[in-house]
Amino acid sequence: MNHTVYIHPSAVVADHVKIGDGTKIWVNSQIRENVEIGEHCIISKDTYIDHTVKIGSRVKIQNGVSVYAGVTVEDDVFIGPNVAFTNDMYPRAFNEDWTITDTFVRKGASIGANATIRCGIVIGEYAMIGAGSVVTKDVEPYALWVGNPARRIGYVCRCGRKLDNQKKCPACGKTGREVQE
């Protein structure tokens with residue numbers, strides 16, 4: 001670990017964890033063995049990062065998030081408070097032979113507070129998941145998904161604003177392919 005990493009005294013960080021420069025790990029967080037966390041991340045209080053999870057750079061994980069083995073989070077992702085990821089497609093307390101099902105959160109995606117992300121899916125680049133949504137299917141890049149079960153209600157610009165009916169961003173004025181730049 002580099003000396004520019006901040007780990008709150010109440011956080012528990014296992015051996016064999018790679019943490020990039022400028023990353024901060026806050027109160028009561030637990031980071032398990034063989035986790036990789038990139039540079040300039042914020043791991044907020046009461047988070048759980050399971051063994052072998054990979055987190056890119058400039059990722060912000062809010063309070064109370066559980067990121068289980070099999071999840072890969074790419075750069076520039078926002079994960080809101082109390083988001084829960086799963087990693088077992090057929091959970092049973094008595095199943096000793098279960099296997100981890102991988103989940104991928106692509107670059108720049110945002111996941112709102114209290115969302116649940118079923119394992120085995122991909123959340124595309126710069127996609128946005130609304131608060132409280134239950135995501136059970138792949139989410140295409142730049143898509144805006146909400147609800148339970150979550151469904152697409154539109155698309156968002158790279159800046160995060162919902163595109164209007166003419167596929168134009170009301171905030172930055174970009175249209176068409178420009179919203180992805």
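A: Let us start with Y142, which counts as buried because its relative accessibility is 6%, where buried means under 20% relative accessible area, exposed over 50% and partly exposed in between, with a 1.4 Å probe and protein chains only. Keep in mind that this is a predicted model, in which local features need pLDDT of at least 70, side-chain atom pairs count only at pLDDT 80 or more, and totals for chains, interfaces and linings use all residues. Residues are numbered from 1 along each chain as its sequence is written, and side-chain values use heavy atoms, leaving out hydrogens and water.

Q: How many aromatic pairs are found in the whole structure?

A: A pair of aromatic rings is described by the distance of the centres and the angle of the planes. Rings of Phe, Tyr and Trp (its six-membered ring) pair if their centres lie within 6.5 Å, and planes under 30 degrees apart count as stacked, over 60 as edge-to-face and the rest as tilted. The search of the whole structure finds 3 such pairs. Among them, the rings of Y48 and Y68 form a tilted pair, because their centres are 5.7 Å apart and their planes stand at 50°. The rings of Y126 and Y142 are stacked, because their centres are 5.4 Å apart and their planes stand at 25°.

Q: Is Y126 buried or exposed?

A: Y126 counts as buried, at 11% relative accessibility, whereas Y68 is partly exposed, with a relative accessible area of 29%.
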